[in-house]
Amino acid sequence: EMCIRDSALTGQKASFAASKSSLSGPIGSLITPLVAGLETPSASLELVIIDSAIEGHSDLAAALSHTPQLEVITLAASADGLDQITAALSGRDGLAAIHILSHGSAGGLLLGQTELNIQTLNSRSSQVRRWAGALAPGADLLLYGCNVAAGERGAAFVGRLAALTGTDVAASEDLTSIPLLG
């Protein structure tokens, strides 16, 4: 079941301001926080990673691609999600934020064929640490997936991911945005 509604991200430093969106309804409500504050030409580049298992991922990617400060990458369902993210970040630097949109549960995300959870973070910590090289100082990692930060498992997962990447990590403690994603 998919589940997204207005997200309440835990640990998020900046509040999202409302912005104009070319989409209305569920997709529009999801992209509003992503494009908030990105309408000025001086804004830094942010990377949006969308798991292809999300219903409507193509429409979402197309809508977000119209914002110049966002680069959108879609993860293939048939491949290892961590490998895809690591490859996408390779050779980059100065990203202000990484937004990951995927299905989630307490303490984890589904990325392609990979479940990213505390065990995966521990077993593949050197790979996840390399993500920090693509990020600007003070960058944020924002996880849009249902219940990712919920409970003790969620808090441990978010804390470990923050420690490995050296970023502020924000993740939902409940259902996230529209009733189609989860």
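**Around helix α3**

Visitor: What comes after α3, and what is its phi like?
Guide: G91 follows α3, and its phi is positive, near 80°. Keep in mind that this is a predicted model.

Visitor: Which ones?
Guide: The buried residues in α3 are G81, L82, Q84, I85, T86, A88 and L89.

Visitor: What happens at the start of α3?
Guide: A side-chain oxygen of D80 comes to within 2.9 Å of the backbone nitrogen of L82 there.

Visitor: Let's take I85. Why does it count as buried?
Guide: Because its relative accessible area is 1%, and the cut-off for buried is under 20%.

Visitor: What is I85 in contact with, leaving aside its neighbours within four places in sequence?
Guide: I85 is in contact with I49, L75, I100, L111 and W131. I85 and T74 are 11 residues apart in sequence, and their C-alpha atoms are 9.6 Å apart in space.

Visitor: And L89, why is that one buried?
Guide: L89 is also in helix α3. L89 counts as buried because its relative accessible area is 5%, again against a cut-off of under 20%.

Visitor: Which residues does L89 touch, not counting those up to four places away in sequence?
Guide: L89 touches L47, L95, I98, W131 and A134. As for A132, it is 43 residues from L89 in sequence and 9.0 Å from it in space, C-alpha to C-alpha.

Visitor: I85 and L89 are both in this helix. Why would residues four places apart point the same way?
Guide: An α-helix has 3.6 residues a turn, so residues three or four places apart point the same way.

Visitor: Now the largest nonpolar core. How many residues are in it, and which touch the most other members?
Guide: That core has 30 residues, and I85, L89, I98, I100, L143, F157 and L161 touch the most other members. Elements that each supply at least two of its residues include β2, β3, α3, β4 and α6.

Visitor: What other core is there?
Guide: A second, separate core has 12 residues, V48, I50, L64 and L101 among them.

Visitor: Back to L161. What does it touch, not counting residues up to four places away in sequence?
Guide: L161 touches L121, V128, W131, L141, L143 and V169.

Visitor: New topic: β8 and β9. How do they run, and how many bridges join them?
Guide: They run parallel, joined by four bridges. D140 stands opposite D168 in β9. Four of the five residues of β9 are buried.

Visitor: What do β8, α6 and β9 make together?
Guide: A right-handed β-α-β unit.

Visitor: Where does N147 lie?
Guide: N147 is in the loop between β8 and α6. Its phi is near 65°, positive in a residue other than glycine. Most residues other than glycine have a negative phi.

Visitor: Last thing, the whole chain. How many helices and strands are there?
Guide: The protein chain has six helices and nine strands. Of its 182 residues, 49% count as buried.

Technical notes: Residues numbered from 1 in each chain as written. Predicted model: local features only at pLDDT ≥ 70, side-chain atom pairs only at ≥ 80, totals over all residues. Heavy atoms only, no water. Buried < 20%, exposed > 50% of the residue type's maximum accessible area, 1.4 Å probe, protein only. Polar contact = N/O pair within 3.5 Å; in protein donor to acceptor, adjacent residues only side chain to side chain. Core = buried A, V, L, I, M, F, W, Y, C linked by side-chain atoms within 4.5 Å. Contact = heavy atoms within 4.5 Å. Pairing = 2+ DSSP bridges. Right-handed = clockwise from strand over helix to strand, strands pointing away.
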